[in-house]
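Me: I'm new to this one. Could you walk me through how to read it, feature by feature?

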Amino acid sequence: MRYVLRRLGFYLLAAWASLTMNFVIPRLAPGDPATAMFARFEGRISPEALVALKTAFGFTDAPWHVQYFTYLKHLVTGDMGLSYAYYPSPVTEVIGTGLLWTLGLAGCAVIISFAVGTMLGVLAAWNRGGWLDSALAPALAFLGAFPYFWLAMLALYLFGFGLGWFPLRHAYSHDVEPGATLTFIADVGRHAVLPATSIVVATLGGWMLSMRNTMVAVLGTDTLRLAHAKGLPPRQVMLRYAARNALLPNVTGFGMALGFVLSGSLLTEIVFSYPGTGYLLILAVRNQDYPLMQGLFLVITLAVLAANFAVDLLCLWLDPRTRAHA
Amino acid sequence: MRETLRRLLRQRKAAVGGTLLLGFLLVALVGPWFVMDPTELMGQPHQPPSSAHWFGTTGQGQDVLAQTVVGARETLAIGFAVGALVTLVGALVGITAGYLGRRVDDALTLTTNIFLVIPGLPLAIVLGAYLPSGPFRMVVVLTFAGWAWNARVFRAEALALRGRDFVAAAVVAGESHARIITRELLPNMASLVASSFIGNTLYAVGAQVGLEFLGLGDVGAVTWGTNLYWAGNDAALLTRSWWIFVPTGICIALVGFSLTLLSSAIDELTNPSLRAPPKAPKAAVVHAVATPAQEATAPGALLSVRELSIEYMTQAGPSRVVDQVSLDIAPGEVFGLAGESGSGKSTLGYALLRLLPSSAAITQGRILFEGTDVTALSPEALRAFRWSRVSMVFQSAMSALNPVLTLGEQFHDTLAAHGGGSRASSYARGRELLAMVGLKPELVDAWPHQLSGGMRQRVGIALALALEPRLVVMDEPTTALDVVVQKELLQRVLELKSRLGFAVLFITHDLPLLLALSDRVGILQAGKLVEVDTAQRLRTDARHPYTRLLLSSFPHLGATDTQAPTPDVLEQAASALKAPLAALPGGRR
């Protein structure tokens with residue numbers, strides 16, 4: 001329990017740090033970005049609304065600590081200001097649906113990729129020097145060297161535009177009514193195949209290689225020698241002794257890489273005009289929609305922190321040693 | 001240093017990676033003078049590759065080849081600049097934290113960990129959005145978003161080095177912190193600096209291309225990222241103009257791949273276990289054709305080893321570790337095997353269960369156990385033979401237990417693998433065995449980490465007796481224990497032996513201990529069994545000079561040296577991942 005609380009405390013601290021960075025960066029930036037930021041709203045909204053917006057963001061003449069508390073107060077109530085690109089929708093509302101799509105797409109892709117890559121790594125290390133190890137591993141490592149979004153472009157070019165097997169853009173067809181129907185779910189699935197596959201292909205090699213390397217280290221230990229000596233069936237030695245022990249550091253690594261993998265999949269969304277947070281991100285950048293950009297930063301960061309906490313809990317469950325101290 | 005570089009170049013990975021990277025650097029340096037102006041509108045838009053435009057034209061009619069070649073320059077320049085800067089910042093923060101320790105370490109480590117969990121791309125975007133456009137912005141943003149991973153790696157290394165003698169000596173000598181860091185710590189981190197720099201450059205190229213693709217770069221400049229940005233904007237896919245984005249992507253991947261190859265080559269250099277092991281030597285003698293000497297077994301012997309030779313494949317060629325050893329062990333006998341480290345005694349012990357590493361093989365001779373030729377057993381027969389007939393207590397039994405399974409589970413899988421019954425009956429047997437070695441039966445539900453080293457060693461013995469084998473090989477089972485625990489444990493082993501009647505092959509470098517314990521003792525020197533005799537006779541009139549030397553080198557009976565406990569498998573697994581973490585998908589960020 002103490003371990004869980006300590007981790008939770010750490011993530012709260014990290015969340016606070018990112019909130020604060022979000023507050024500090026626009027105020028430290030050279031020039032007067034605050035003015036530039038609000039100048040974009042001029043003409044679109046009334047002067048009174050502009051003042052209200054500035055206040056909401058904490059950009060007032062008040063001393064910085066007062067501004068900071070105003071900012072925190074608004075965040076706590078879920079108020080991140082108004083989006084410029086989607087004016088007059090509040091940022092929270094714009095991000096809400098986008099986050100769901102991102103979590104669905106990136107979440108599934110990352111979990112599939114980690115599971116498959118880890119299994120391939122186990123097999124490659126177990127049959128060291130076999131074709132998995134000597135042919136597939138380098139091939140996947142080469143694929144992993146391409147930017148995610150470039151693989152997405154290629155996949156879209158070949159299987160979308162070229163062969164016409166999969167839809168070209170969006171998360172579902174506009175003529176399908178969203179809802180808990182089989183047609184809608186099948187349609188969403190068809191739309192997710194290409195983006196998800198390109199994320200999986202781009203990341204698979206990394207998971208495989210790191211699992212392979214830990215497995216190789218584990219295979220040389222006395223624990224494995226004892227397992228063989230005891231006359232255990234090979235499958236049991238491979239899974240319960242080698243893979244089970246090699247998994248733990250890889251799950252920790254998985255948590256650490258989550259943020260980076262998510263960043264890559266955000267770019268993938270852009271290629272498919274997938275309505276997730278990545279697509280919103282590019283809209284925000286191109287329209288210089290600062291409120292949306294900052295809101296996205298916060299929301300994505302909080303999502304990654306939550307995912308990291310979940311990975312910590314998973315590690316806790318996997319490792320009897322920390323479980324005992326927890 | 002020069003030797004390290006030479007070894008690096010001999011590796012194929014390093015050679016391929018280095019050549020590729022040098023090629024791209026050359027193109028980036030001189031290429032722009034040989035191609036057209038990449039921004040000039042040279043022809044019709046969306047033209048496929050032709051003799052006029054080898055890579056075709058963009059959606060605005062620019063030459064794709066020119067854009068690809070010129071793009072290499074700024075992309076690589078920013079990549080290497082960020083790579084160097086991230087390494088510098090990371091090393092500075094990490095070493096300061098690791099070296100100074102205490103509060104400074106706490107604060108810096110916390111900051112580092114926070115930056116590690118904050119996703120890089122959104123952070124880079126928020127920061128980048130407020131900075132004036134240009135290459136400088138890219139460098140600042142990427143360094144800010146990417147330094148943390150390095151700080152973590154360098155901190156761990158600094159912590160490890162700080163505990164070493166030469167650093168302690170420098171501290172005692174009163175050298176300044178700055179001098180110790182630059183003169184003592186940094187030179188010992190050369191390979192880490194190199195692999196970090198490569199990993200960071202890889203990150204920088206990937207992240208830079210991503211940000212530029214988003215439109216956060218200078219869209220007027222020619223870089224690989226902006227090429228792809230324009231490809232997306234100019235509807236390269238819609239017009240089926242694959243040539244606009246394919247060359248740039250392949251260049252990015254080739255640069256990334258070359259950097260991955262280089263970093264993996266450095267990893268293998270510093271961590272040889274990642275390299276492919278050498279193939280085991282072939283058996284020189286076919287088993288079917290046994291010499292008469294190999295056929296002759298002593299009547300009534302439990303185990304007969306006949307002219308056994310074992311070779312390891314090393315980089316210098318095959319090396320014979322056990323050389324034509326023959327010995328017999330009678331039922332219930334304690335046979336001691338003594339020799340210095342490297343004499344081949346452990347290898348011989350492992351060979352009895354055919355537990356040799358993949359780089360070693362039995363090249364000659366036989367191992368006959370109750371008339372069965374162990375060297376000729378099929379994999380399934382061997383599996384059934386192991387533990388039920390011959391079991392083993394490892395030198396490192398304390399780290400050999402599986403840390404993620406309770407003791408009960410480890411008893412159960414052993415019993416189940418040899419046709420045992422239910423989990424409940426296995427646990428009952430586990431409790432019985434634990435009591436037999438003097439441990440509380442309740443410990444059957446404990447995890448290995450909850451036990452002390454001495455207790456774990458007892459568990460190792462209990463486990464070895466689970467299937468009531470006829471022979472137990474004990475490889476330095478007490479070396480890692482302190483003298484009192486050692487004595488207690490050996491007492492227990494002898495008691496159990498007389499009760500259960502198993503034979504023991506006891507392997508140790510501690511000859512006086514062996515003489516006190518064994519019925520007969522064999523002396524192994526450089527793989528050859530130079531003398532075998534009863535303990536009684538060896539003590540008083542050893543014939544071989546080497547035996548006498550061994551005897552005289554121990555000042556009194558019971559002399560021991562204790563070793564630091566080996567890390568368990570989870571710790572070894574975790575340390576294996578330290579360096580190659582850069583190869584995770586996260587390595588690209």
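Reply: Helices (H or I, at least four residues) and strands (E, at least two) are DSSP runs, numbered from the N terminus. Before we go on, this is a predicted model, where local features need pLDDT of at least 70 and side-chain atom pairs count only at pLDDT 80 or more, while totals for chains, interfaces and linings use all residues. Residues are numbered from 1 along each chain as written, chains are lettered from A and ligands numbered from 1 in the order written, and side-chain values use heavy atoms, leaving out hydrogens and water.

Me: In what sense do strand 1 and strand 2 of chain B pair, and over how many bridges?

Reply: Two strands pair if DSSP finds at least two bridges between them. Here strand 1 (residues 303-314) and strand 2 (residues 317-329) of chain B are antiparallel, with nine bridges. For one example, B:Tyr312 has B:Ser319 in strand 2 as its bridge partner. Strand 1 of chain B also runs antiparallel to strand 4 (residues 360-369) of chain B, joined by eight bridges, and there B:Ile310 stands opposite B:Ile362.

Me: How many residues of chain A and chain B are in contact?

Reply: 93 residues of chain A meet 95 of chain B. The size of an interface is often given as the accessible area lost when the parts come together. Buried area is that loss (1.4 Å probe), summed over both parts. For chain A and chain B it is about 8,100 Å², with 74% from carbon and sulfur atoms.

Me: How many salt bridges cross the interface of chain A and chain B?

Reply: A salt bridge puts a side-chain nitrogen of Lys or Arg within 4 Å of a carboxyl oxygen of Asp or Glu. The rule finds three across this interface. One of them joins A:Arg240 and B:Glu409, at 2.6 Å from N to O. Helix 10 (residues 234-271) of chain A gives the largest share of the side of chain A that touches chain B, 21 residues.

How values were computed: Contact = heavy atoms within 4.5 Å. Buried area = accessible area lost by both parts, 1.4 Å probe.
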